[in-house]
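The following exercises are to be worked with the sequence and the model at hand. Each task is followed by a solution in steps.

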Amino acid sequence: MSNQEKDPAEIPCTPGDSEAPLEVLSPRDVPFGGLRAMTVRRTLPQRKRSFIGAWCFLDHYGPDRVANTGGMNVAAHPHIGLQTVSWLFTGEIEHRDSAGHHAYVRPGELNLMTGGKGISHSERSTPDTDVLHGAQLWLALPKEHRNSPPNFEHYAPDVLVGHGWMARVFLGSLLGDTSPVKTFTPLVGAEITLEAGVHLEVPLDPLFEHGILVDEGTAVLTATAGRQVVETAELAYLPLGLESLKLQARGAPARLLLLGGTPLDEKIIMWWNFMATTHEEIVQARADWQAQIASVGVPDPAGSQKSGSKPDSARYGLPDGEPELPIPAPPLPNTRLLPRD
Ligand code: MN
């Protein structure tokens, strides 16, 4: 998915306090553009917290009737320095990327795209989709892998079933299951559903910090770091050092995403759909994308913004078979930010 903010700020992503008590992060609504278009609920990044492990961006959307919102229709746009995870609860999305992948994103299946040194892709909900409901997550690549070759992987995890609960472990290890998908830093990602009133004790890796996004229902989290009631669409943060977490669905069934990883001890700049170490890399990535799409007749909405070296019009490539023109980058902000100390 593309960050659809009209005038995105350059966001410095910095390591957070990994020893804070259990805390709850509330989402902010970001309109996806258009008159009746879908709105996403963004819980990461926030001013007080940029990362949970390498997880650095969390947009949660739906359930929305596509008849009302128009669904997802995101033409080709670029990414660098990150991986995207598309996770659906309901609906179907068609994915095409410039590395030659054409795939359908379906509920309960991992679709992991590596932007690395540069990729472009499009995402559209399919005509058969009545209700769209899911999450778009980004993983920051650590510095030594930030320029990895672009890639796309698909994995359908087994459904783990216990007394009143189910889980799908799509990245890393949890509850006795391990995803075979390689990650660039140690991390975990899983969907857990709980019947009303059910308690589930989840062993955690104490070297990880964790986040719990509540997709449906109300979850009560209990750990040595504290106890928190987490409502639908909120993201709870759990610090390092926890051996286990007790989850309970309060009153009604609950569905949640459990995310975690070793803290990423790096300063990274996020702007639009790019993650990089320096402002200059962001400027270059934007110039390269504009040079790429100039070749199919898309003008730069900012006129020509200067970049350090000659733009590379073949850095990203474009997906095949696109019905629409690619999305131009917003103008760069006038103010320049450096990673915070
Ligand atoms: Mn995207």
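**Exercise 1: The largest cavity**

The largest cavity is lined by Asn3, Glu5, Pro8, Ala9, Ile11, Arg28, Arg42, Pro45, Phe57, Met270, Trp271 and Trp272. The model is a predicted one, in which local features need pLDDT of at least 70 and side-chain atom pairs count only at pLDDT 80 or more, while totals for chains, interfaces and linings use all residues. Residues are numbered from 1 along each chain as its sequence is written, and side-chain values use heavy atoms, with hydrogens and water left out.

Task: State what volume the largest cavity has and how its lining divides by class.

Solution.
1. A cavity is a set of points, on a 1 Å grid over the protein atoms alone, where a 1.4 Å probe fits but cannot get out; lining residues have an atom within 4 Å of a point.
2. The volume, taken as the space filled by probe spheres set on the points, is about 70 Å³ for the largest cavity.
3. Ala, Val, Leu, Ile, Met, Phe, Trp, Tyr, Cys and Pro count as nonpolar, Asp, Glu, Lys and Arg as charged, and the others, Gly among them, as polar.
4. The lining of the largest cavity then has eight nonpolar, one polar and three charged residues.

**Exercise 2: Tryptophan 271**

Task: Determine whether tryptophan 271 is buried or exposed, and which residues it touches.

Solution.
1. Tryptophan 271 lies in strand S26 (residues 268–271); strands (E, at least two residues) and helices (H or I, at least four) are DSSP runs numbered from the N terminus.
2. Tryptophan 271 counts as buried because its relative accessibility is 0%, the limit for buried being under 20% relative accessible area with a 1.4 Å probe and protein chains only.
3. With contact meaning heavy atoms within 4.5 Å, and residues up to four places away in sequence not counted, Trp271 touches Pro8, Ala9, Glu10, Ile282, Arg286, Ala329, Pro330, Pro331, Leu332 and Pro333.
4. Tryptophan 271 and leucine 332 are 61 residues apart in sequence, with 8.7 Å from C-alpha to C-alpha.

**Exercise 3: The sheet that contains S26**

Task: Give the strand order of the open sheet with S26 and find what packs on it.

Solution.
1. Two strands pair if DSSP finds at least two bridges between them.
2. The order of this three-stranded open sheet is S1-S26-S27, with antiparallel pairing.
3. Strand S1 (11–13) and strand S27 (274–276) are the edge strands, each pairing on one side only.
4. S1 and S26 are joined antiparallel over three bridges, and proline 12 stands opposite isoleucine 269 in S26.
5. Helix H2 (residues 279–294) packs on the sheet and touches S26 and S27; its direction makes about 145° with that of S27. Axes are lines fitted to C-alpha atoms, for helices over the stretch in contact, and angles run from 0 to 180 degrees between N-to-C directions.

**Exercise 4: The second largest cavity**

Task: Identify which strands give two or more residues to the lining of the second largest cavity.

Solution.
1. The second largest cavity, of about 30 Å³, is lined by Thr84, Ser86, His95, Asn111, Met113, His121, Glu123 and Phe152.
2. Strand S7 (82–90), strand S10 (110–114) and strand S11 (119–125) each give two or more of these residues.
3. The classes in this lining are two nonpolar, five polar and one charged.
4. S7 and S10 also belong to an open, antiparallel sheet of seven strands in the order S3-S4-S5-S12-S7-S10-S13.

Notes: Buried means under 20% relative accessible area, exposed over 50%, partly exposed in between (1.4 Å probe, protein chains only). On a 1 Å grid over the protein atoms alone, a cavity is a set of points where a 1.4 Å probe fits but cannot get out, and a pocket is an open set with protein on both sides within 12 Å along at least five of seven lines; lining residues have an atom within 4 Å of a point.
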